[in-house]
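Let's take a walk through this one together, starting with the whole and then zooming in on a few spots. Keep the model open beside you as you read.

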Amino acid sequence: MESGKAEIEAGKSFKDTCSTILKKRSIEESSFLGHQEKKKKKTSVPAIDPEPKALPKDVIIEILGRLPAKCLLRFKCVCKEWCSIIQDQVFIETHLNKAPFITHYTDKDETSLGTYRIVVGNFETMGTVNGLSLEKSCDSEECRIRNPTTRQILDLPHPHKGTFCVVFCYKSLGQCKLVSLYKDETCYGCQVLTIEKDDQWRELEVPSSQGNKVLQVSLINIPKEVVHYTMVIMDGTEIYVKIYTLDFENECFSTTNSTLTQGSFTRSSKVSIIGWDGCLSYAEVTEEALNVWVLEDYKKKRWSKRKIVLPLTFLKENHIKLKNLIFYDVTSDELSFLWNKSMFAYNMKTGTITCRSSAPEGKQILYEFRETLVTLKGMRPEK
């Protein structure tokens with residue numbers, strides 16, 4: 001229903017925009033013709049209405065760029081010019097940057113404090129970037145990239161056996177890589193795959209734990225054009241978080257790391273990763289506050305000088321419990337979080353909470369991403 005309403009509104013918007021432009025042109029032409037009549041004074045030759053003119057291409061591009069992706073898929077059939085515009089890579093990227101976030105719902109979910117899984121069919125969503133969903137089979141190492149808008153799928157070569165994490169490393173259209181993490185017996189390994197170029201995964205040299213006990217290893221892509229290899233290690237009685245960043249061009253991890261010590265938090269078991277205005281950050285959730293350390297500059301290995309402490313009194317005031325609450329990210333002073341099958345936004349300046357969207361009755365979870373026209377080489381129609 002929401003999709004149908006959106007398409008009807010898009011159609012009205014298209015007609016209204018065209019009508020406004022045509023009326024403006026008609027007024028200008030009428031004014032011009034009237035001026036010409038005055039110059040000619042009286043004449044027995046009747047005025048001839050000019051033939052209707054097509055809209056300039058730049059105006060058509062501007063109008064099409066404001067419509068939903070699903071509408072544009074149908075409008076490709078209007079004429080060759082529109083089809084050519086909609087398939088143009090510059091138009092696709094411009095449209096993507098303007099596209100709003102769309103909420104999607106599924107029937108399955110597995111949620112707990114600090115974790116969030118999205119399972120569609122037999123595939124788990126590992127991450128979304130610019131409307132593309134990276135998915136891994138729940139039963140095997142099979143991976144794929146899916147565009148839910150165009151209903152197309154790119155089948156990927158199988159990564160190493162034991163792969164449990166795959167992330168995007170996305171710079172722009174035509175510059176996209178995947179990085180996978182696997183555990184082979186007692187050691188961890190990484191592989192990389194360049195989309196539209198590689199037909200198999202390539203091994204990466206992973207950072208050494210230097211003989212320390214590794215408690216946890218993960219891959220994080222915050223921001224989306226960067227992949228961080230993170231290790232939680234124990235050195236004697238001390239616990240550290242070490243972060244190594246992958247160089248996109250050279251495909252190697254940084255030789256020096258960004259280290260966060262155990263003393264930064266009171267309980268390491270309650271630490272999770274969130275995005276903070278496009279930066280990687282570690283957050284500790286307590287009953288009273290959200291304590292956050294932000295990696296402000298991953299290239300210079302610079303953390304925020306002070307720990308950010310966000311009181312959580314607003315949760316109690318709105319009868320929101322910490323159980324099964326998942327913090328997403330912070331963007332422009334708004335903290336996004338998921339609770340009780342609803343997505344909320346807390347404005348840290350005004351202290352107000354708004355419910356952005358809620359799952360309908362019978363649905364279990366929701367997630368958001370932008371609709372996109374992006375098509376990768378080798379994509380096939382979804383069955």
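**The whole protein**

The protein exposes about 22100 Å², and carbon and sulfur atoms supply 51% of that area (Shrake-Rupley method, 1.4 Å probe; for residues, only the protein chains shown count as cover). Before going on, bear in mind that this is a predicted model, where local features need pLDDT of at least 70 and side-chain atom pairs count only at pLDDT 80 or more, while totals for chains, interfaces and linings use all residues. Residues are numbered from 1 along each chain as its sequence is written, and side-chain values use heavy atoms, with hydrogens and water left out.

The secondary structure comes to six helices and 28 strands; these are DSSP runs numbered from the N terminus, with helices being H or I of at least four residues and strands E of at least two. Of the 383 residues, 42% are buried, meaning under 20% relative accessible area with a 1.4 Å probe and protein chains only.

**A helix and a hairpin**

Look at helix 2, residues 57-64: Val59, Ile60, Ile63 and Leu64 are buried there. Seen down the helix axis, these buried residues fall within an arc of 130°, so they line one face of helix 2 (the arc is that of the directions from the axis to the C-beta atoms).

Now move to strand 11, residues 187-194, where six of the eight residues are buried. Strand 11 runs antiparallel to strand 10 (residues 175-184), and eight bridges join the two; strands pair if DSSP finds at least two bridges between them. In this pairing, Leu178 stands opposite Leu193 of strand 11. The hairpin has two residues between the strands, and Glu185 takes a positive phi near 60°. Strand 11 also pairs with strand 12 (residues 202-204), antiparallel and through three bridges, with Gln191 opposite Glu203.

**Rings and charges**

How many aromatic pairs does a search of the whole structure find? There are eight, counting Phe, Tyr and Trp rings (the six-membered one for Trp) with centres within 6.5 Å; planes under 30 degrees apart count as stacked, over 60 as edge-to-face and the rest as tilted. The rings of Phe337 and Phe344 have centres 5.3 Å apart and planes at 15°, so this pair is stacked.

Finally, the charged end of Arg144 sits over the ring of Phe123, 3.8 Å from its centre, and Lys177 lies over the face of Phe248 at 4.5 Å from the ring centre. Such a charge is NZ of Lys or CZ of Arg, within 6 Å of the ring centre and within 35 degrees of the ring normal.

How values were computed
Buried < 20%, exposed > 50% of the residue type's maximum accessible area, 1.4 Å probe, protein only.
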